[in-house]
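Let's go through a few labels for this model and ask what backs each of them up.

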Amino acid sequence: MKQRSMQKLKQKGIFPVQLFFMLIMLLSFAACKNQSSTSVVDKTFSGDGDGLERVKQEMVAPPNLPKFDQVAKGEPKIVEVTLTAIEKKIEVAPGDSMWAFTFNGSVPGPMIVVHQNDFVELTLKNPATNTQMHNIDFHASTGAMGGGDLTFVNPGEEVKMRFRCTRPGVFVYHCAPGGKMVPIHVTAGMNGAIMVLPREGLKDENGKLVTFDKAYYMAEQDFYLPKDKNGKVKNISTPQEAVQESEDAIKSLMPTYIVFNGKQGALLGKNAMTAKVGEKVLLITAQANRDTRMHLIGGHADLYWPGGKFNNKPYTDFETWAIPGGSAAAALYKFREPGTYAFLNHNLIEAFEYGAVAQIKVEGKWDSTYMKQIAKPSPIK
Ligand SMILES: [Cu+2]
């Protein structure tokens with residue numbers, strides 16, 4: 001029987017040596033498959049990062065991102081980051097000012113960019129000129145309070161903390177000094193985001209590497225400005241007073257302003273983001289406190305990662321994408337047509353009455369394969 005089946009295989013041109021190699025290949029394929037299919041639930045790590053190569057990341061103000069590689073080079077590293085709590089008065093809209101609590105002076109704070117399995121080593125400084133205790137909760141970190149309990153600093157102090165970035169994606173970070181101070185500090189602007197890229201880069205809907213030509217980070221911020229009896233925004237002289245006055249304002253759940261990057265019109269006109277026709281742009285948007293929904297008028301998300309979480313297969317062709325408060329979203333779009341695009345919160349009241357609108361100016365040649373005007377406006381015939 002055995003001899004007969006062996007003869008049959010030989011007739012087909014398959015010999016025992018080849019069978020042996022086929023078996024080895026099958027076994028190694030099964031082993032690989034098993035390795036890559038380890039559930040995120042069961043992943044384990046070793047070591048606390050001591051001794052890894054160190055790199056310093058220079059922080060930049062949003063909507064720009066620091067320098068980074070899309071595909072990781074070499075082994076996981078310790079990425080050193082310094083954030084400084086800065087309390088300062090900002091003008092949110094012409095004539096309306098407030099005390100902002102910020103990381104590094106911008107709302108939102110700077111974007112941190114690392115790769116999966118890198119460590120972030122944060123130095124958090126609270127200058128003696130400040131009035132408040134601050135700290136930081138990283139949604140990207142693992143451990144109770146997201147590092148909040150390890151990073152409390154009084155004015156005049158600094159602290160260092162290191163965490164492993166185990167999961168790829170865009171994650172919010174924010175100050176969380178406890179109790180009602182949490183929403184007061186977060187809605188005073190004290191939030192930002194970290195992007196943890198997969199080491200092998202981003203993948204498209206077919207699982208193939210997809211790169212981008214530029215990336216922008218904007219955060220929508222709901223501001224609650226204390227008002228006087230006549231409904232006029234109060235001119236408050238100290239941060240302590242602002243904290244006391246803010247509670248009633250935030251409890252109304254009625255934002256005075258909803259803006260991108262800290263100010264009405266921060267990303268409009270001469271401050272608009274820019275791109276060229278043919279460029280692939282990664283649009284990262286976060287909201288640390290409140291739900292929102294992003295829409296690019298006249299464009300789409302070619303690829304959309306809900307929550308900005310890159311290990312999931314991206315959705316394609318989205319027109320509007322949701323961002324639950326305390327999270328982010330990432331969308332990749334290749335611009336096909338030139339012009340000024342509005343990128344906004346598609347609750348259009350929040351966009352046009354409260355300020356949640358930005359612009360992207362795109363240079364290039366109009367392509368009539370997508371759209372063209374057939375007849376200019378003229379009297380109805
Ligand atoms: Cu704070």
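Q: What does the bend at a residue stand for?
A: The bend is the angle between two fitted axes, one through the seven residues ending at that position and one through the seven starting there. Keep in mind that this is a predicted model.

Q: Where is the kink in α4 centred?
A: On Glu-245, with a kink of about 35°. That figure is the angle between the axes fitted on either side, because the bend is defined that way.

Q: How do you know what span to expect for α4, residues 239–251?
A: The helix has 13 residues, and the expected span is 1.5 Å times one less than the number of residues.

Q: Which residue just after α4 takes a positive phi?
A: Leu-253, at about 60°.

Q: Why are β14 (273–276) and β19 (320–323) said to stand at the edges of the open sheet?
A: The order of the 5 strands is β14-β22-β21-β16-β19, with mixed pairing. Each of β14 and β19 has a single partner strand, so one side of each lacks a neighbour in the sheet. Neighbouring strands here are turned by 25° against each other on average, direction ignored.

Q: What makes β14 and β22 (residues 357–363) a pair?
A: Pairing takes at least two bridges; these strands have 4, in the parallel sense, so they qualify. Thr-274 stands opposite Lys-361 in β22.

Key: Residues numbered from 1 in each chain as written. Predicted model: local features only at pLDDT ≥ 70, side-chain atom pairs only at ≥ 80, totals over all residues. Helix = DSSP H or I, 4+ residues; strand = E, 2+ residues; numbered from the N terminus. Axes fitted to C-alpha atoms, helices over the stretch in contact; angles between N-to-C directions.
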